[in-house]
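Student: I am new to this structure and would like to study it by question and answer. May we begin once it is displayed?

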Amino acid sequence: MDRIKNHYFYIVIGYLGILLISIAGLRYILIIDDVIGCGLIMFGLIFIVSNLRFTESKLLTVKERRIVNWSFFCVTAIICIIGFTFV
């Protein structure tokens with residue numbers, strides 16, 4: 001029973017993260033350079049990352065997790081390099 005509650009906790013955290021990022025995106029669109037919006041984005045990303053790490057640990061093997069993490073890092077690095085090049 002405790003294990004099921006733990007799953008529900010992480011599911012709620014993931015959805016809360018998505019909600020915070022949505023709210024922060026809307027606030028940023030309406031109010032440029034908003035400090036509260038940046039904080040909401042930060043906490044939302046922390047919640048989503050914790051949810052993704054939990055699901056990775058339950059669904060993937062160690063080798064598969066390494067592949068996913070490295071591919072995510074490479075894609076993020078490429079996006080940042082392209083983004084900083086054209087700004």
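Student: Which residues does N51 touch, not counting residues up to four places away in sequence?

Tutor: This is a predicted model, and contact here means heavy atoms within 4.5 Å. N51 itself lies in helix α2. Once residues up to four places away in sequence are set aside, the residues that N51 touches are Y10 and G14.

Student: Is N51 buried or exposed?

Tutor: A residue is called buried when its relative accessible area is under 20%. The relative accessible area of N51 is 18%, so N51 is buried.

Student: Which residues does F47 touch, with those up to four places away in sequence not counted?

Tutor: F47 is found in helix α2. With a relative accessible area of 22%, F47 is partly exposed. Leaving out residues up to four places away in sequence, F47 touches I13, L16, G17 and L20.

Student: How far apart are the C-alpha atoms of F47 and L20?

Tutor: L20 is among the residues that F47 touches. Along the chain, F47 and L20 are 27 residues apart. The separation between their C-alpha atoms is 9.2 Å.

Student: What is the distance in space between V49 and G17, C-alpha to C-alpha?

Tutor: V49 is found in helix α2 and is partly exposed, its relative accessible area being 46%. In sequence, V49 and G17 are 32 residues apart. In space, C-alpha to C-alpha, the distance is 8.8 Å.

Student: How far apart in space are E64 and C74?

Tutor: E64 lies in helix α3, which covers residues 62-85. E64 is partly exposed, with a relative accessible area of 36%. E64 and C74 are 10 residues apart in sequence, and from C-alpha to C-alpha their distance in space is 15 Å.

Student: What share of the residues in the chain is buried?

Tutor: Buried residues are those under 20% relative accessible area, and N51 is one of them. Of the 87 residues in the chain, the buried share is 13%.

Student: Which helix has the highest confidence, and which the lowest?

Tutor: The mean pLDDT of the chain is 78, and 93% of its residues reach 70 or more. Where pLDDT is low, the predicted coordinates should not be read in detail. Confidence is lowest in helix α1 (residues 2-30), at a mean of 75, and the highest value, 81, belongs to helix α2 (residues 35-59).

Definitions and conventions
Residues are numbered from 1 along each chain as its sequence is written. This is a predicted model: local features need pLDDT of at least 70, side-chain atom pairs count only at pLDDT 80 or more; totals for chains, interfaces and linings use all residues. Side-chain values use heavy atoms; hydrogens and water are left out. Buried means under 20% relative accessible area, exposed over 50%, partly exposed in between (1.4 Å probe, protein chains only). pLDDT is the predictor's confidence in each residue, from 0 to 100. Helices (H or I, at least four residues) and strands (E, at least two) are DSSP runs, numbered from the N terminus.
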